[in-house]
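Reader: I am new to looking at protein models, and I would like to learn how to read one feature at a time. Could you show me the structure and begin with a single residue?

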Amino acid sequence: MIASLKNKETYRHYFQTLKFSLYCITHPLDGFWDLTHEKRGSIAAANTILLLTLLARILKLQYTSFIFNKVYWPKVNIFLYLASILFPLALWCVGNWGLTTLFDGKGRLSQVYMATCYGLTPYPLIQFPLIIFSNMVTVDEAEFYSVLSVLSLVWAAMLIMAAMSQIHEYKMSKTLLFTVATGFAMLVMIFILLLFFSMISQGVAYFISLGKELLFRM
Amino acid sequence: MKKTLKRMAALALSVVTLAGSSMIVQAETGYTYGYDWWGDVQYSPDAYKTVAVYTDVELGLDKKLNAPQGLFVTGKSIYLCDTGNNRIIELERKDQDTISLVRIIDHIEGNVANKEFSSPTDIAVSEEGFLYIADKNNNRIVKLDHEGNYMMEFTKPVDATFDQSLSFLPSKIAIDTAGRVYCVATNANKGLIKYENDGTFSGFVGATPVTYNWTDYVWKKLATQEQRAQMESFVPTEYDNIYMDYEGFIYACTTNVTEEDLDSGAANPIRRLNMMGNDILVRNGDWYIIGDLYWGSGGGYEGPSLFTDITAMENDIFFGLDKTRGRLFAYDDQGRMLYCFGGNGNMDGYFKQPSALEHMGHDLLVLDSLDNSITLFTPTEYGNRIYDAIEQFQTGEYEKSGESWQSVMDMNGNYDLAYIGIGRSLLRQEKYREAMDYFRLKLDDDNYSKAFKQYRKEWVEEHIVIIFAGVFLILCVPLAIGKIKEIKREIDHADIFQDEQ
């Protein structure tokens with residue numbers, strides 16, 4: 001693993017797979033087919049795109065003009081903020097993989113993750129320039145900003161749909177069905193997690209209060 | 001030894017945490033506050049202070065006031081409707097803190113059948129000195145000359161638009177400069193009743209558009225005749241009180257509002273009506289003009305602010321009197337809340353059941369119909385600085401206005417309007433860069449955009465050469481490099497060199 005870091009070929013492959021994301025966003029069907037079937041994507045590149053997405057989101061919070069993004073700083077928790085992307089992403093990947101694997105889906109979990117991250121590419125690609133752009137416009141020109149901002153999300157959503165259809169070798173109708181089904185799967189998982197966490201926290205709180213009681217009486 | 005120390009430390013720590021948490025529970029409260037852009041309550045120095053509270057004793061009356069409803073101020077004179085005692089009291093403000101009795105009008109002189117008042121609820125005085133009195137239970141508005149002699153009366157409109165089965169109960173009146181009478185009558189929900197100066201009814205003004213929601217509408221369509229009759233009908237809201245401002249526009253307020261409508265901004269409890277009866281109140285504030293934003297119960301008082309009276313000053317600042325929590329809300333000409341103060345209680349500056357509000361210059365008078373008193377407020381240093389800043393801006397003294405806002409900010413650094421005021425003053429002085437900073441701090445995007453637009457224009461004009469150079473470089477350098485590469489490739493692959501290899 002570490003030895004491969006010294007290998008020039010590793011970096012060449014990495015940049016090639018990263019560059020392939022640009023091909024994917026313009027040729028989604030073809031691109032996402034090759035992503036897994038021709039092994040033209042890599043997890044490393046997917047991680048990079050995800051990191052860039054998170055970075056875009058953080059920088060957006062700080063540097064977007066206040067016209068478009070008013071931040072109530074006392075209530076901002078950067079970890080929760082990042083989790084607001086990472087958590088749904090994790091749920092999506094697990095939910096999607098769990099469902100499709102039961103219904104002839106060809107993609108593996110790592111492939112679902114990789115394809116989804118590749119699908120996120122338009123977000124950093126558009127949001128980074130938008131941060132700069134937002135500081136150059138007034139409220140009268142706010143429409144340009146919001147249109148571009150919505151575009152980045154719609155584009156990403158459509159890419160993820162296309163990616164799912166390609167890696168699972170599904171038809172469009174089946175993809176749509178499983179996108180909705182994954183949504184439900186995510187809700188179910190959230191429900192179970194909430195249940196789990198509330199029980200755990202009550203259990204923990206019990207032992208903490210027990211400990212406190214002991215400390216007071218010692 | 002170490003153990004006991006530790007134990008003591010733990011005990012001390014727990015005491016500190018307990019004390020700390022109780023301190024948090026006792027949140028900061030104040031008499032005067034405002035809201036920032038986020039809707040957070042920002043306490044401020046007091047903008048008004050109580051001069052005195054006047055009851056029958058201070059005013060030198062023969063008997064206690066009884067549920068007074070109406071108040072009118074013109075110049076230094078104060079007219080008071082002592083509703084329960086069926087009389088009108090004229091007072092005069094002698095100096096800063098003295099109000100003394102001028103006369104008591106308990107009957108009408110002259111040629112009229114009914115010389116007594118019956119529950120007079122409001123009074124208005126025209127510029128010529130005529131007194132107009134809403135004589136509620138006598139179903140009339142009487143016009144008297146200044147000595148109290150009967151002149152004429154305005155009675156129930158004989159018109160198809162007025163439901164003749166209802167009795168005419170005028171409760172609040174306003175007079176314009178031409179002597180026309182505008183009247184709020186109990187039961188009449190078609191707007192303000194308007195009379196010409198000769199006493200003829202000339203129609204309703206300013207009826208509110210009827211609002212209803214779609215689910216109710218569909219239910220009504222499906223319901224039978226009997227069911228429909230039992231349902232609440234969609235009717236326009238009645239006004240509670242009106243005030244004729246110095247420009248001849250009528251400020252009107254209503255308490256017939258639902259919480260949902262207030263929340264969604266559909267209800268406008270305060271309106272400014274023009275001659276056509278259209279609402280022309282400017283609402284550029286961050287929040288709707290609905291008084292308190294938070295309606296949680298506190299001290300047994302719940303629900304939204306209900307404006308029972310309103311008054312507007314010559315600088316277009318208007319005050320609403322909230323009967324729910326006994327508070328006074330001040331808004332500027334843009335509809336932004338300046339501050340709010342008051343409350344329910346027995347102390348000076350608090351009310352039991354405020355019923356009427358008037359202003360005398362910058363001073364405010366509030367009539368309390370349960371406490372049977374008048375409370376006189378005068379602006380503090382802080383309040384005066386705010387007025388100075390606003391008035392200087394209105395008269396075009398932008399630089400001075402900026403300085404005044406700066407002095408306001410010195411007293412209250414949490415006051416959004418001070419920042420925006422300084423920004424607007426800088427904007428007028430064409431100091432766009434500085435103005436932008438002030439607007440950004442208080443998230444005023446409209447004004448920020450105005451300043452930024454000018455700043456951007458200036459910046460582009462100054463840096464036009466660099467911009468063109470940059471564009472030229474970005475466009476032409478890659479082109480040139482591409483061209484050079486192409487030539488190089490052509491040379492490399494040229495046939496003459498190929499042959500030699």
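This is a predicted model: local features need pLDDT of at least 70, side-chain atom pairs count only at pLDDT 80 or more; totals for chains, interfaces and linings use all residues.

Reader: Where is B:A67 placed along chain B?

Author: B:A67 sits in the loop between α2 (56-59) and β4 of chain B, and although it is not a glycine, it has a positive phi of about 45 degrees.

Reader: Is A:K39 buried or exposed?

Author: A:K39 counts as exposed, because it has 10 C-beta neighbours inside 10 Å.

Reader: How should I read a sheet, and in what order do the four strands of the open sheet in chain B come?

Author: Strands of a sheet pair through backbone hydrogen bonds, either parallel or antiparallel. In chain B, four strands form an open sheet in the order β4-β5-β6-β7, with antiparallel pairing. Since β4 (70-74) and β7 (98-105) of chain B stand at the edges with a single partner strand each, one side of each is left without a neighbour in the sheet. From one strand to the next, the twist averages 25 degrees.

Reader: Over how many bridges do β5 and β6 of chain B pair?

Author: Strand β5 (residues 77-82) and strand β6 (residues 87-95) of chain B pair over six bridges in the antiparallel sense, and B:I78 has B:L91 in β6(B) as its bridge partner.

Reader: Now for a helix: how many residues does α8 of chain B have, and how far does it reach?

Author: Helix α8 (residues 416-428) of chain B has 13 residues and reaches 18 Å from its first C-alpha to its last, close to the 18 Å expected at 1.5 Å a residue. Twelve of the 13 residues of α8(B) are buried, among them B:Y419 and B:R424, and what covers the buried residues includes β22 (337-342), α6 (381-394) and α10 (445-462) of chain B. After α8(B) comes B:E430, whose phi is positive, near 60 degrees.

Reader: Finally, how many residues of chain A are in contact with chain B?

Author: Eight residues of chain A are in contact with ten residues of chain B. On the side of chain A that touches chain B, the residues divide into five nonpolar, one polar and two charged.

Key:
Residues are numbered from 1 along each chain as its sequence is written. Chains are lettered from A and ligands numbered from 1 in the order in which they are written. Helices (H or I, at least four residues) and strands (E, at least two) are DSSP runs, numbered from the N terminus. The expected span of a helix is 1.5 Å times one less than its number of residues. A residue is buried if 20 or more other C-beta atoms lie within 10 Å of its own, exposed if 12 or fewer, and partly exposed in between; C-beta atoms are placed from the backbone. Two residues are in contact if their C-beta atoms, placed from the backbone, lie within 7 Å. Ala, Val, Leu, Ile, Met, Phe, Trp, Tyr, Cys and Pro count as nonpolar, Asp, Glu, Lys and Arg as charged, and the others, Gly among them, as polar. Two strands pair if DSSP finds at least two bridges between them. Axes are lines fitted to C-alpha atoms, for helices over the stretch in contact, and angles run from 0 to 180 degrees between N-to-C directions.
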